[in-house]
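Subject: Handover of a structure and what was found in it

Dear colleague,

Please find the structure below, together with its sequence. I would ask you to keep it open while you read the notes that follow it.

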Amino acid sequence: ASTTRHEALSMVLGIAIVNLLWAAISVFGVGLLIVTAPSLFWTVKTLGAIYLIWFGIKLIRRTDMPGANAAKIGRPGFETALRDGIATNLANPNSLMFYVSVFAGVVPNNASLQTLLSLVVMVGIIGMLWYGSVAVVFSSSQVANLYRRGRKLVESACGLFLIGVAILFMQLLLCVLA
């Protein structure tokens with residue numbers, strides 16, 4: 001909402017590249033551990049649900065904070081925006097934990113290699129489509145101003161959604177363990 005469309009799309013590419021990395025680590029690294037230690041599957045599911053609750057609460061609390069600063073000056077160009085997208089996502093452990101949490105909850109421990117590769121590819125495609133769409137839409141000043149006015153509602157709704165997903169994971173876990 002605070003940069004050019006070209007820079008926003010360059011940053012999207014950087015974010016998507018790291019999302020692919022996080023998804024691959026989550027699917028293959030955690031997946032292999034879960035296959036060899038089934039009790040770890042339930043531990044990761046529980047930790048993932050706890051993380052989603054924590055992140056949802058954080059989103060809801062964040063609605064009381066003032067909005068982001070205005071556009072950064074003196075940072076134009078594809079390479080800089082790409083590098084910023086990569087660096088931002090690499091430095092964000094929440095992103096990795098999100099993928100670990102989601103994949104631990106939905107990927108069966110006997111999934112085929114083709115299924116796992118498909119999941120990683122889909123993360124890339126969906127990420128590019130989603131973040132790219134957001135970048136295109138939010139690069140217009142009218143939408144950026146509208147979002148700033150409705151930010152509290154949007155972030156509260158997202159926080160409640162994540163908490164709800166985590167509660168569903170926990171209920172499934174309790175049903176399986178019962």
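Is Trp 54 buried, partly exposed or exposed? Trp 54 counts as partly exposed, at 43% relative accessibility; buried means under 20% relative accessible area, exposed over 50%, and partly exposed in between (1.4 Å probe, protein chains only). Trp 54 is found in helix H2. Along the sequence, 108 residues separate Trp 54 from Leu 162, yet in space the two are 9.0 Å apart, C-alpha to C-alpha.

**How to read the model**

This is a predicted model, in which local features need pLDDT of at least 70 and side-chain atom pairs count only at pLDDT 80 or more, while totals for chains, interfaces and linings use all residues. Residues are numbered from 1 along each chain as its sequence is written, and side-chain values use heavy atoms, with hydrogens and water left out.

The pLDDT is the predictor's confidence in each residue, from 0 to 100. For the protein it averages 80, and 84% of the residues score at least 70. Confidence is highest in helix H5 (residues 113–138), at a mean of 91, and lowest in helix H4 (residues 93–106), at 75. Over residues 68–73 the pLDDT is below 50, and this stretch has three contacts in the model beyond near neighbours in sequence; a contact means heavy atoms within 4.5 Å. Where pLDDT is low, the predicted coordinates should not be read in detail.

**The overall arrangement**

The secondary structure of the protein comes to six helices and zero strands. Helices (H or I, at least four residues) and strands (E, at least two) are DSSP runs, numbered from the N terminus. The order of elements from that end is α-α-α-α-α-α. Of the 178 residues, 31% count as buried. Among contacts between residues at least 6 apart in sequence, 90% join residues at least 24 apart.

Glu 7 has its place in helix H1 (residues 5–36). Glu 7 is buried, with a relative accessible area of 14%. A polar atom of the Glu 7 side chain lies 3.4 Å from the backbone nitrogen of Gly 77.

Ala 37 lies in the loop between H1 and helix H2 (38–62). Its relative accessible area is 27%, so Ala 37 is partly exposed. Ala 37 and Asn 109 are 72 residues apart in sequence, and their C-alpha atoms are 10.0 Å apart in space.

**Helix H3**

Helix H3 (residues 78–90) has 13 residues. From its first C-alpha to its last, H3 reaches 18 Å, close to the 18 Å expected at 1.5 Å a residue; the expected span is 1.5 Å times one less than the number of residues. Its buried residues are Ala 81, Leu 82, Asp 84, Gly 85 and Asn 89. They are on the same side of H3, because they cover an arc of only 160 degrees around the axis; the arc is that of the directions from the helix axis to the C-beta atoms. The exposed residues Glu 79 and Arg 83 are carried on the face of H3 turned away from its buried side.

**Helix H5**

H5 has 26 residues and reaches 37 Å from its first C-alpha to its last, close to the 38 Å expected at 1.5 Å a residue. The buried residues in H5 include Leu 116, Val 120, Val 123 and Gly 124. For Leu 116, the relative accessible area is 12%. Leaving aside neighbours within four places in sequence, Leu 116 is in contact with Val 27, Phe 28, Val 107 and Ala 111. Leu 116 and Phe 28 are 88 residues apart in sequence and 7.4 Å apart in space, C-alpha to C-alpha.

**Helix H6 and the cysteines**

Glu 155 lies in helix H6 (residues 141–177). At 7% relative accessibility, Glu 155 counts as buried. Which residues does Glu 155 contact, leaving aside its neighbours within four places in sequence? They are Leu 59, Ile 60, Arg 62, Thr 63 and Tyr 147.

Cys 158 is partly exposed, at 39% relative accessibility, whereas Cys 175 is exposed, at 59% relative accessible area. A disulfide is a covalent bond between the sulfur atoms of two cysteines. With a disulfide taken as a pair of cysteine sulfur atoms within 2.5 Å, a search of the whole structure finds zero.

Yours sincerely,
A colleague

Conventions:
Polar contact = N/O pair within 3.5 Å; in protein donor to acceptor, adjacent residues only side chain to side chain.
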